[in-house]
Amino acid sequence: TLTADYDLERADIGQRDDIFVIQNTTVGLEQQLTKTLRVSGAIGVARLDAPSFGPSKTGPSYRIALARDRGLEVDPLCPFVAHFMRLHPEYERLRPE
């Protein structure tokens with residue numbers, strides 16, 4: 001599976017309304033190795049803008065992951081989460097029998 005991700009974080013820092021901005025963009029692949037094991041990886045670019053601390057910086061970003069389905073169950077106590085799980089059948093398998 002081909003994956004892509006972008007996120008932006010912005011915050012005011014300090015006492016002078018300084019702006020702090022982080023942007024990350026990645027493109028990667030995810031592969032199901034077995035019924036319960038997935039591996040994924042992505043590469044991309046990260047950018048940090050914090051004018052009070054110097055010029056903007058841009059550099060590489062990467063991530064790798066190995067995930068195993070352990071058969072955990074979710075018993076939602078929060079009505080919002082329970083409603084979300086009812087609306088998204090792909091999460092139904094996580095409910096206890």
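Modeller: Let us begin with confidence. Among the elements of the chain, strand E3 has the highest mean pLDDT, 91. Helix H1, residues 79-87, has the lowest, 84. Here pLDDT is the predictor's confidence in each residue, on a scale from 0 to 100. Helices (H or I, at least four residues) and strands (E, at least two) are DSSP runs, numbered from the N terminus. For the chain, the mean pLDDT is 85, and 94% of the residues reach 70 or more.

This is a predicted model, in which local features need pLDDT of at least 70 and side-chain atom pairs count only at 80 or more, while totals for chains, interfaces and linings use all residues. Residues are numbered from 1 along each chain as its sequence is written, and side-chain values use heavy atoms, with hydrogens and water left out.

Now the layout. From the N terminus on, they run β-β-β-β-α. The four strands form an open sheet in the order E1-E2-E3-E4, and the pairing is antiparallel. Its edge strands are E1 (2-13) and E4 (57-68), and each of them pairs on one side only. Two strands pair if DSSP finds at least two bridges between them.

Strand E3, residues 37-49, pairs with E4 over 12 bridges, in the antiparallel sense. Two positions show this. Ala42 has Arg63 of E4 as its bridge partner. Val45 stands opposite Pro60 of E4.

How many of the 12 residues of E4 are buried? The number is one, so the strand lies largely in the open. Buried means under 20% relative accessible area, exposed over 50%, and partly exposed in between (1.4 Å probe, protein chains only).

Look next at Ser61, which lies in strand E4. Is Ser61 buried or exposed? Ser61 is buried, because its relative accessible area is 15%. Which residues touch Ser61, leaving aside neighbours within four places in sequence? They are Thr25, Thr26, Ala42, Ile43, Gly44, Val45 and Ala46. A contact means heavy atoms within 4.5 Å.

Follow one of those contacts, Ala46. Ala46 lies in strand E3. With a relative accessible area of 21%, Ala46 is partly exposed. Ala46 and Ser61 are 15 residues apart along the chain, yet 5.8 Å separates their C-alpha atoms. Ala46 is also in contact with Gln23, Asn24, Lys57, Thr58 and Gly59, again setting aside neighbours within four places in sequence.

Asp12 touches Asp18 and Ile19, not counting residues up to four places away in sequence. From Asp12 to Ala50 is 38 residues in sequence and 9.9 Å in space, C-alpha to C-alpha.

Finally, step back to the whole chain. Buried residues make up 14% of its 97 residues. Of the contacts with a separation of 6 or more, 32% join residues 24 or more positions apart. The C-alpha atoms fill a box of roughly 55 × 35 × 20 Å along the principal axes.
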